[in-house]
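Please open the model in your viewer and keep the selection tool at hand.

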Amino acid sequence: MKALVLNASYEPLSVVSVRRAVVLVLHNRADVLASNGRVWRSERIDLASPSVIRLRQFVKVPYARRVPLNRRAVFIRDANRCQYCNRHAENIDHVVPKAQGGTHSWENVVASCRRCNTKKGGRTPEQAGLVLHHKPRAPRRHSWVLVAIGTEPDPEWEQYLN
Ligand SMILES: [Zn+2]
């Protein structure tokens with residue numbers, strides 16, 4: 001189970017284990033905004049198990065958070081689908097190959113199946129006769145939350161992510 005951590009400003013900040021969220025609440029560092037309906041029990045206390053917590057003190061985030069580019073994040077963005085043929089993706093493909101000046105960036109990396117990846121080789125989609133179905137983009141602002149948990153967020157989180 002995971003809990004969403006909001007900054008004092010209500011800005012989503014990170015995703016932590018429920019245990020970590022409970023510790024923050026018990027140390028008066030955060031308040032529970034939403035609970036997942038279960039009860040967290042320890043020897044000393046029963047606490048509504050937090051699903052969303054908000055820090056009491058504002059934490060400065062030093063830079064605009066951009067989702068780090070890695071294999072797992074690309075697969076999540078592309079829903080594990082090959083961006084050329086929509087089959088199950090197993091590979092990461094540079095749309096414009098690095099050898100042709102392509103960059104390792106969100107805008108030039110897509111998930112692809114082994115077949116399309118092999119067919120494409122060191123060529124651009126046009127050169128290989130492949131059609132890219134969506135123009136790849138960097139994930140939206142709070143998509144790092146999805147990457148952090150590797151799945152869809154709890155419904156309770158939605159209002160805090162928008
Ligand atoms: Zn494919």
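Throughout this tour, buried means under 20% relative accessible area, exposed means over 50%, and partly exposed lies in between, with a 1.4 Å probe and protein chains only. By this rule, aspartate 31 counts as partly exposed, at 30% relative accessibility. This is a predicted model, in which local features need pLDDT of at least 70, side-chain atom pairs count only at pLDDT 80 or more, and totals for chains, interfaces and linings use all residues. Residues are numbered from 1 along each chain as its sequence is written, and side-chain values use heavy atoms, with hydrogens and water left out.

**The whole chain**

Begin by displaying the chain as a cartoon. The chain contains 6 helices and 6 strands, where helices (H or I, at least four residues) and strands (E, at least two) are DSSP runs numbered from the N terminus. Read from that terminus, the order of elements is β-β-α-β-β-α-β-β-α-α-α-α. Of the 162 residues, 41% count as buried. Contact here means heavy atoms within 4.5 Å; among contacts between residues at least 6 apart in sequence, 58% join residues at least 24 apart. The chain exposes about 10,000 Å², of which carbon and sulfur atoms supply 49%; accessible areas come from the Shrake-Rupley method with a 1.4 Å probe, and for residues only the protein chains shown count as cover.

Next, colour by pLDDT, the predictor's confidence in each residue, from 0 to 100. The chain has a mean of 86, and 87% of its residues reach 70 or more. Confidence is highest in strand E6 (residues 109-112), at a mean of 97, and lowest in helix H5 (residues 144-149), at 62.

**The nonpolar core**

Select Ala30, Ile53 and Leu55. These residues have the most contacts inside the largest nonpolar core, which has 13 residues. The elements that give two or more residues to this core are strands E1 (2-6), E2 (12-17) and E4 (46-55), together with helix H1 (18-26). H1 gives the most, with 5 residues. A nonpolar core is a set of buried Ala, Val, Leu, Ile, Met, Phe, Trp, Tyr and Cys residues joined through side-chain atoms within 4.5 Å.

Now centre the view on isoleucine 53. Apart from residues up to four places away in sequence, isoleucine 53 touches Leu4, Val5, Leu6, Ala21, Leu24, Val25, Ala30, Asp31, Val32 and Leu33.

Move on to leucine 6, which lies in strand E1. Leucine 6 is buried, with a relative accessible area of 0%. Leaving aside neighbours within four places in sequence, its contacts include Leu33, Val52, Ile53, Leu55 and Tyr160.

**The salt bridges**

How many salt bridges does the structure hold? There are 4, a salt bridge being a side-chain nitrogen of Lys or Arg within 4 Å of a carboxyl oxygen of Asp or Glu.

Select arginine 56 and aspartate 31, which form one of them, with the closest N and O atoms 2.6 Å apart. The pair links distant parts of the chain, 25 residues apart: arginine 56 is in the loop between E4 and helix H2 (71-77), and aspartate 31 is in strand E3 (residues 30-41). Arginine 56 is partly exposed, at 45%.

Select aspartate 93 and lysine 120, whose side chains meet in a salt bridge (3.1 Å, N to O). Aspartate 93 lies in strand E5 (residues 91-94) and lysine 120 in helix H3 (residues 114-120), so the pair ties together parts that are 27 residues apart in sequence. Aspartate 93 is buried, at 3% relative accessibility, and lysine 120 is buried at 1%.

Select aspartate 78 and arginine 77, another bridged pair, with the closest N and O atoms 2.9 Å apart. Aspartate 78 counts as buried, at 8%, whereas arginine 77 is partly exposed, at 22%.

**Final stops**

Select threonine 124, in the loop between H3 and helix H4 (125-128). Threonine 124 counts as buried, at 10% relative accessibility. Beyond neighbours within four places in sequence, threonine 124 is in contact with Val95, Pro97 and Gln100.

Finally, select cysteine 82 and cysteine 113. Cysteine 82 is buried, with a relative accessible area of 1%, and cysteine 113 is buried at 4%. A search of the whole structure finds 0 disulfides, a disulfide being a pair of cysteine sulfur atoms within 2.5 Å.
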